[in-house]
Amino acid sequence: MASTLVLGCTGLTGSFILTNLLSSPSTGTVHTISRRAPKAPSDPKLHAIVDTDTTTWATTHLPSLTPPPTTVISALGTTRAAAGGIANQWKIDHDLNVELARAAKAAGAKNFIFVSSAGTRGALAKRVPYSQMKQGVEDTVKELGFETAIILRPGMILGKREESRAAEAVFQGLVRGIGKLVGTWAQDKIGQEAEVIARAAVHAARIADEGKAPAKWWVLEQADIVRLGRDEWKA
C-alpha cells in the first residue's frame, strides 16, 4: 500500500493497526492524525500529525497529506465516560468519523476501512445510541462510493487498555474463561483480541489495495475477522 492514513492510532485496536502496518515491508507511507502522539517505534515511514483540535483534522490536515492516502483505516472512537456524555461521544464516534470519511473521499482515497461494532443492525439497535453512531458512519461510508468500503464488526474487543475499565475487565475475564473451559471457538463468538481485529483490518486493506476484494461493500463479521486476522494472517 503506497500511502495509508490510520485514524484512532492511539487506541487499543488502532495502535495494533499502526504497528502491524509499520512492521510490514510492503507498506509505504503511513500517516496518522491524533490528539496525542502514537506509541510506535521510530520509523521513517511514519508521518504523525498531533493536534488536540479535532475540528482541523478533516478541513486542514487530511487534505494536506503528502503523498495523499490511497487507503484510510479508522478505528477512531471513545467512550461515554471518557467523552463526558452521549452528546460528546457522538461528536467523536459519529460526527468526526463522518467528516473524515468525506474528506478522505475528496482527497482521492480509494479504500476506506472502518472498525464498527457487532450488533449495529440488530433488532434493538435503534434504541442503542452507540449502535446508531456506528450505523450513521457505516451508511455514510457506503454512500460516498469508495472503490472499496470495508466495515469490521467485532464483538467485545479483548486486550489491555491504558485506562482502567473495571466493568470491561470483569467481562473480559468471563469471556476468556469461557474460551479456556469450552474452547477458542466459543470465545471467538463473543469477543476478539484487539490485535486480531487490527490484523484483519490490515489484511482486508491489502486485499482491497490489490483489487481483490470480494465486493465493493465488504462487511466483515466476527467469524470473518478471526479468519483474516488470525487463521489466514501473514505478517
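I started at Q135, which touches T120, R121 and A125 once residues up to four places away in sequence are left out; contact here means heavy atoms within 4.5 Å. I noted that this is a predicted model, where local features need pLDDT of at least 70, side-chain atom pairs count only at pLDDT 80 or more, and totals for chains, interfaces and linings use all residues. Residues are numbered from 1 along each chain as its sequence is written, and side-chain values use heavy atoms, with hydrogens and water left out.

Next I placed Q135: the residue sits in helix α5. Helices (H or I, at least four residues) and strands (E, at least two) are DSSP runs, numbered from the N terminus. I then checked burial. Q135 is buried, at 17% relative accessible area. The classes are buried under 20%, exposed over 50%, and partly exposed in between, with a 1.4 Å probe and protein chains only.

**Salt bridges**

I looked up the total and found 10 salt bridges in the structure. The criterion is a side-chain nitrogen of Lys or Arg within 4 Å of a carboxyl oxygen of Asp or Glu.

R121, one of the contacts of Q135, came up again. Its side chain meets that of D139 in a salt bridge, 2.8 Å from N to O. R121 lies in the loop between β5 (111-115) and α5 (129-144) and D139 lies in helix α5, so the pair ties together parts 18 residues apart in sequence. R121 is partly exposed at 43% relative accessibility. D139 is also partly exposed, with 32%.

Then I turned to E138, which forms a salt bridge with R153; the closest N and O atoms are 2.7 Å apart. R153 is in the loop between β6 (148-152) and β7 (156-158), while E138 is in helix α5, so this pair links parts 15 residues apart in sequence. Both ends are under the burial cut-off. R153 is buried at 10% relative accessible area. E138 is buried too, at 0%.

I also looked at E232 and R227. Their side chains form a salt bridge at 3.4 Å, N to O. E232 is partly exposed, with a relative accessible area of 37%. R227 is partly exposed as well, at 31%.
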